[in-house]
Amino acid sequence: MNNIIQKKNNITIEGNLNATETIVFAHGFGTDQTAWNWVKDDFKANYRIVLFDNVGAGSADPDEYIPEKYNQLSAYVDDMLDIMVDLNLQNAIIIAHSVSSMVTLLAAAQKPQHFSKLVFIGASPRYLNDEQDHYTGGFTQAVLDAMYGSMAGNYCAWANGFSEVAMGNPEQPELAQQFAYTLSAIRPDIALEVARVIFESDVRDRLHQLKKEVLLLQSWDDIAVPAEVAYYLHAHIANSKLKFIDAKGHFPHISSPRAVIAAIKLFI
């Protein structure tokens, strides 16, 4: 393993190191690779497991975050492909959450030989509504601008409030607290810049380029990704399957891991 790449993305390799198949777990905004702690163990016996932190999050090298570079999703795509090449991964299974789903889609379209089956959890190609194209993403520009203002004004307060809403499952408050911890650990200026990149991204015109089998996992009452988005993805990604799972909130792999694990195992 290239030490520079390993340090950059805090790459961790676990599971069955002699397995013929590899699963790569890619986390979403506000979390790090520990978000998969509730899921990964069920796959360790039969798969090599690769985890990493996106630049700007978790224990990724903080010196690697350059705003001018990471002002678009393509920088994260390059990082993912660098990891795949460095580890010589061919036909790997990818389990991706939130924004990492679209990063994976772009990476797989660019270099398909590294990817086999893909699982996208709470994925969205565009978070902003687009009235001209009759597209519902879930957010208006005014709502996003207000969120950016809250993040800039009092980041800790915003992180605590956003964690509760995004996680859902108020009967398990410890889950929102765990999300608030990883979200608050991100440097506020980085979190704000990354949020802008994610929430104002639009990859709808790239969906048709993905030729791999995809499982779209969608939970109910997802504040970040309404059901209309899941239906849109299913309609525009060939070879995709859409499954609504018995879970609420934007983090079903944390709040309802057994449902997510069962769906993944059935698919792969």
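Contact here means heavy atoms within 4.5 Å, and helices (H or I, at least four residues) and strands (E, at least two) are DSSP runs, numbered from the N terminus. The structure is a predicted model, in which local features need pLDDT of at least 70 and side-chain atom pairs count only at pLDDT 80 or more, while totals for chains, interfaces and linings use all residues. Residues are numbered from 1 along each chain as its sequence is written, and side-chain values use heavy atoms, with hydrogens and water left out.

What covers the buried residues of H3 includes E2, H2, E4, E5, H7 and helix H8 (227-236). Buried means under 20% relative accessible area, exposed means over 50%, and partly exposed lies in between (1.4 Å probe, protein chains only). Of the 12 residues of H3, 10 are buried, so this helix is largely enclosed by the rest of the structure. The buried residues are Val99, Ser100, Ser101, Met102, Val103, Thr104, Leu105, Leu106, Ala107 and Ala108. From its first C-alpha to its last, H3 reaches 17 Å, close to the 16 Å expected at 1.5 Å a residue; the expected span is 1.5 Å times one less than the number of residues.

Helix H2 (residues 73-86) can be described in the same terms. With 14 residues, H2 reaches 20 Å between its end C-alpha atoms, close to the 20 Å expected. Its buried residues are Leu73, Ala75, Tyr76, Val77, Asp79, Met80, Leu81, Ile83 and Met84. Among the elements that cover them are helix H1 (3-9), strand E2 (22-26), strand E4 (92-97), helix H3 (99-110), strand E5 (115-121) and H7.

Next come the pairs of packed helices. Two packed helices are described by the angle between their axes and the distance between the axes. Axes are lines fitted to C-alpha atoms, for helices over the stretch in contact, and angles run from 0 to 180 degrees between N-to-C directions. For helix H4 (residues 141-153) and helix H7 (residues 188-199), the axes come within 10 Å and cross at roughly 170°. H4 and H7 are therefore roughly antiparallel to each other; angles under 35 degrees count as roughly parallel, over 145 as roughly antiparallel, 65 to 115 as roughly perpendicular and the rest as oblique. The crossing of H4 past H7 is right-handed, a term used if the near helix is turned clockwise from the far one by less than a right angle, with anticlockwise giving left-handed. On the H4 side the contact is made by Leu144, Met147, Tyr148, Met151 and Ala152, and on the H7 side by Ala191, Leu192, Ala195, Arg196 and Phe199. By class, this contact has nine nonpolar residues, no polar ones and one charged. Ala, Val, Leu, Ile, Met, Phe, Trp, Tyr, Cys and Pro count as nonpolar, Asp, Glu, Lys and Arg as charged, and the others, Gly among them, as polar.

The axes of helix H5 (residues 155-167) and helix H6 (residues 173-184) come within 8 Å and cross at roughly 140°. H5 and H6 are therefore oblique to each other, and their crossing is right-handed. H5 contributes Tyr155, Trp158, Ala159, Asn160, Phe162, Ser163, Glu164, Ala166 and Met167 to the contact, and H6 contributes Leu175, Ala176, Phe179, Ala180, Leu183 and Ser184. These residues divide into 11 nonpolar, three polar and one charged.

Some backbone angles also deserve a look. Most residues other than glycine have a negative phi, and most peptide bonds are trans. Asparagine 88, which follows H2, has a positive phi near 55°. Asparagine 91 also has a positive phi, near 55°, and is placed in the loop between H2 and E4. Its relative accessible area of 47% makes asparagine 91 partly exposed. Histidine 134, in the loop between E5 and H4, has a positive phi of about 55° although it is not a glycine, and is exposed at 74% relative accessible area.

Histidine 253 belongs to helix H9 (residues 252-255) and counts as buried at 1% relative accessibility. Apart from neighbours within four places in sequence, histidine 253 is in contact with Ala35, Trp36, Trp38, Val39, His97, Ile121 and Val260. Alanine 259, in helix H10 (residues 257-267), is partly exposed, with a relative accessible area of 24%. Not counting residues up to four places away in sequence, alanine 259 touches Ile245 and Asp246.
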